[in-house]
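Open the model in your viewer and keep the selection tool at hand. The stops below go from the overall layout to single residues.

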Amino acid sequence: MVVVMALDATDADIAAVVATVGVAGGEAFVSRGLNRVIVGLVGDVEQFDSLNLRAMAGVTDVVRISVPYKLVSREHHETRSTVHVADVPIGPSTITLIAGPCAVETYDQTLEGALMARSAGAAVLRGGAYKPRTSPYAFQGLGEEGLRILAEVGEKTGMPVVTEVVSANDIAVVASYADMLQVGTRNMQNFTLLQALGACNKPIMLKRGMSSTIEEWLMAAEYIAQRGNLDIVLCERGIRTFDPTTRNTLDISAVPIVQRLSHLPIIVDPSHSGGRRDLVMPLTSAAIAGGADGVIIDVHPRPETALCDGPQALVTEDLPALANVVSSFAKVTGRTVALTRQPEVV
Ligand code: PEP
Ligand code: MN
């Protein structure tokens, strides 16, 4: 941590900072430049945070040099991690395609969606049973009945399943059906939920809050990790910007930045970022070219009847192109496409 003194800071101001740091058990090193003095601190950063050095006379800024998250950082764990969803890897040596309907609506629609996903090479099936809708009048999901359908279809098609959990009270029931639990953008900073997921023995997919910085996102992951669950996959799903042309603005730069800061795998959701079918393929290509460890994509057999997010769902005709993009990029980047278990005959 570095304390930047004001141009008019007095020697007494500087001595007070040094003394305060000393009392807190740290060491302070004073560097005098031509115009300005900075004080470098060595010791427990959390302890320094509580000193409120910024409020001291003659101080203009306090700059943290080490990152505030620990367990999810590459300082803690240098090599990039691979998280397994049942037997499907998500990590640096594979590209993992997760696909399925936005919401589980009926058994038949979920099965059709799963077969579409599998035909595109998806290794994991997605489908929401608890839907966090902006409107309380919109379809809220089938709840436990949706979980049951999803698990049954996953079993039938040989794909492990990921689904959203919106409340700490639902974790046990969701974990009893799902292979990975998803935290949606609206709950990224629901710290009670995150802490409870830290005690869950299933992997977690943590979507980025739509208005969250990368640091806030990694701190949210730290909440889960701190309670003992390090099987976390981050998912960039677009952030709110000034431009209403797309549902959200996909922050591609988050992918290499997160990979530099954190050992956790990161995937991209091109469906919820663009919010439009015609953008899903270009954003998928951009995500994988940018180094994403996978993508999660909405598909629907009849998007015009979908109860949720029809306009962004890929249709059957789109799937060969999706499969082609994933396998071509895998070849070019020396990775393999993550595979499903051997499916039963459907
Ligand atoms: C979803 O994946 O179904 C979803 C609701 O996504 P997000 O939380 O990113 O909006
Ligand atoms: Mn959706």
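What follows is a tour of a predicted model, stop by stop.

**Stop 1: the two domains**

Colour residues 2-63 as domain 1 and residues 83-337 as domain 2. The centres of domain 1 and domain 2, taken over C-alpha atoms, are separated by 44 Å.

**Stop 2: the manganese ion**

Select ligand 2, the manganese ion, and display its donors. Which atoms coordinate the manganese ion? They are SG of Cys 102, NE2 of His 272 and OD of Asp 309, at 1.9 to 2.3 Å. Along the sequence, the donor residues follow the spacing C-x169-H-x36-D. Cys 102 and Asp 309 join distant parts of the chain, being 207 residues apart. Cys 102 is in the loop between β7 (94-100) and α3 (107-119), while Asp 309 is in the loop between β14 (294-298) and α11 (319-332). Cys 102 and Asp 309 are both buried.

Stay on Asp 309 and read its backbone angles. Phi of Asp 309 is near 60 degrees, a positive value in a residue that is not glycine. Asp 309 counts as buried because its relative accessibility is 18%, under the 20% limit.

**Stop 3**

Move to Ala 86, in the loop between β5 (83-85) and β6 (88-90). Ala 86 is another residue other than glycine with a positive phi, here near 50 degrees. Is Ala 86 buried, exposed or partly exposed? Its relative accessibility is 43%, so Ala 86 counts as partly exposed.

**Stop 4: the cysteines**

Show the cysteine sulfur atoms. How many disulfides does the structure hold? The number is 0. Start with Cys 235: its closest cysteine sulfur is in Cys 102, 12 Å away, which is too far for a bond. Cys 235 counts as buried, with a relative accessibility of 0%. Now select Cys 308, where the nearest cysteine sulfur, again that of Cys 102, is 3.4 Å away. Cys 308 is in no disulfide, because a disulfide needs the two sulfur atoms within 2.5 Å. At 5% relative accessibility, Cys 308 is buried too.

**Stop 5: salt bridges**

The whole structure contains 15 salt bridges. The following are among them.

- Select Arg 302 and Glu 112, whose side chains meet in a salt bridge with an N to O distance of 3.0 Å. Arg 302 is in the loop between β14 and α11 and Glu 112 is in helix α3, so this pair ties together parts 190 residues apart in sequence. Arg 302 is partly exposed at 33% relative accessibility, and Glu 112 is partly exposed at 31%.
- Select Arg 148 and Glu 152, where the closest N and O atoms of the salt bridge are 3.2 Å apart. Both residues lie in helix α4 (residues 144-157), 4 residues apart, which is about one turn of the helix. Arg 148 is partly exposed at 36%, and Glu 152 is partly exposed at 38%.
- Select Glu 236 and Arg 208, which form a salt bridge at 2.9 Å, N to O. Glu 236 is in strand β12 (residues 232-236) and Arg 208 is in the loop between β11 (204-207) and α7 (214-226), so the pair ties together parts that are 28 residues apart in sequence. Glu 236 and Arg 208 are both buried.

**Stop 6: a network**

Finish by selecting Glu 46, Asp 49, Arg 64 and Lys 70, which are linked in a network of salt bridges.

Key: Residues numbered from 1 in each chain as written. Chains lettered and ligands numbered in written order. Predicted model: local features only at pLDDT ≥ 70, side-chain atom pairs only at ≥ 80, totals over all residues. Heavy atoms only, no water. Donors = N, O, S within 2.8 Å, 3.2 Å for Na, K, Ca; no water. Helix = DSSP H or I, 4+ residues; strand = E, 2+ residues; numbered from the N terminus. Buried < 20%, exposed > 50% of the residue type's maximum accessible area, 1.4 Å probe, protein only. Domains from an automatic or database assignment. Salt bridge = Lys/Arg side-chain N within 4 Å of Asp/Glu carboxyl O.
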